[in-house]
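I am opening a new notebook page for this model. I will look up a few places in turn and write down what I find.

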Amino acid sequence: MPADGRREGVRTMARLPFMSRDDLPEELRYVWDRNAVGREVPNIFRVMANNPETWRAYLRLGNGLWNHCGLDVATRELVILRTAILHHSQYEWHQHVRIGRQAGLSDEKIVALHHWKTSPLFNETERAILEYVDAVNASGHPAQEVHDRLAALVPAGTVVGVNLLTGFYGMTARFLAAMEVELEEPFVGWQLHG
């Protein structure tokens, strides 16, 4: 192990400094306060706080998508977790496994997102949503039949919501990867064996 305590080839901190509440302008400290879990703010937000105005805008968009995407909480989490898989985002997966569980998703259904096409655990609407999520993440332009399958099952506003939600979490996954943001605790594991 190198003298600085890092495992070879593994960074132990993000590429940008972790900010603290005191680093923020006084008028934006409320953003920190609203996002603290206990006394701590998740690592993703501590890195985003290097640009506090953008962090605030990111949170506003995320909250809008969470609350108005047209999906119930459990289905919203299926979209986010599938997006995490497609982007290989351990941080996103880890955080949203917890949220998905709180929304009532079983571990069996969460893990089945890896192979949803062959799993019997998803209903017709969930399958259309997951097919759409896969298509958006693969090319940004879902085939007409993929779009039509989803649009036949959910309102137009929900199609918009699913599209923007998976795009938002794809962007989040890219941010996490580019900034090398580490988890606050041991990874739960892709198969929830962590």
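**Entry 1: a buried tryptophan and its partner**

I began with Trp93, which is buried, with a relative accessible area of 0%. The model is predicted, so I keep in mind that local features need pLDDT of at least 70.

Next I looked for a ring beside Trp93. Trp93 and Trp190 form an aromatic pair. I noted the geometry as tilted, with 5.4 Å centre to centre and 40° between the planes.

Which parts does this pair tie together? Trp93 lies in helix α5, residues 90-102, and Trp190 lies in the segment after α9 (156-179). The two are 97 residues apart in sequence, so the pair ties together those parts of the chain.

Is Trp190 buried or exposed, or something in between? I found 24% relative accessibility, so Trp190 counts as partly exposed.

**Entry 2: other aromatic pairs**

I then searched the whole structure and got six aromatic pairs. One of them joins Phe45 and Trp55. I wrote this pair down as tilted too, at 5.8 Å centre to centre and 35° between the planes.

Phe45 sits in helix α2 (residues 43-48), and Trp55 sits in helix α3 (residues 52-68). They are ten residues apart, and the pair is one that links distant parts of the chain.

I checked the burial of both. Phe45 has a relative accessible area of 14%, so it is buried. Trp55 is at 1% relative accessibility and counts as buried.

**Entry 3: the largest pocket**

I looked up the largest pocket next. About 730 Å³ of space lies in it. It is lined by 27 residues. Which of them are the closest to its centre? I listed Pro42, Phe45, Gln95, Arg98 and Ile99.

Several elements give two or more residues to the lining: α1 (29-35), α2, α3, α5 and α9. I asked which gives the most. It is α5, with seven residues.

I sorted the lining by class. I have 14 nonpolar, seven polar and six charged residues.

I took Pro42 as a reference point and looked up Glu184 first. Glu184 is found in the segment after α9. Its relative accessible area is 39%, so Glu184 is partly exposed.

How far apart are the C-alpha atoms of Glu184 and Pro42? They are separated by 7.2 Å, although the residues are 142 apart along the chain. Leaving aside neighbours within four places in sequence, I found Glu184 in contact with Pro42, Asn43, Ile44, Tyr91 and Gln95. Pro42 and Gln95 are among the residues I had listed for the centre of the largest pocket.

Then I looked up Ala173, whose place is in helix α9. Ala173 is buried, with a relative accessible area of 5%. Past the neighbours within four places in sequence, Ala173 is in contact with His87, Ser89 and Glu92.

**Entry 4: another stop in α9**

Thr166 lies in helix α9 as well. Is Thr166 buried or exposed? It is buried, with a relative accessible area of 2%. Which residues does it touch, apart from neighbours within four places in sequence? I noted contact with Val79, Thr83, Val133, Val136 and Asn137.

**Entry 5: positive phi**

Last, I looked at backbone angles. Most residues other than glycine have a negative phi. I wrote down two residues with a positive value.

His88 has a phi near 55°. Its place is in the loop between α4 (73-86) and α5. At 65% relative accessibility, His88 counts as exposed.

Glu180 has a phi near 50°. Glu180 lies in the segment after α9. At 24% relative accessibility, Glu180 counts as partly exposed.

Technical notes
Residues numbered from 1 in each chain as written. Predicted model: local features only at pLDDT ≥ 70, side-chain atom pairs only at ≥ 80, totals over all residues. Heavy atoms only, no water. Phe/Tyr/Trp six-rings, centres within 6.5 Å; stacked < 30°, edge-to-face > 60°. Helix = DSSP H or I, 4+ residues; strand = E, 2+ residues; numbered from the N terminus. Buried < 20%, exposed > 50% of the residue type's maximum accessible area, 1.4 Å probe, protein only. Contact = heavy atoms within 4.5 Å. 1 Å grid on protein atoms, 1.4 Å probe; cavity = no way out; pocket = protein on both sides within 12 Å on 5 of 7 lines; lining within 4 Å. Points joined across faces, edges and corners; volume = space filled by probe spheres on them. Nonpolar A, V, L, I, M, F, W, Y, C, P; charged D, E, K, R; others polar.
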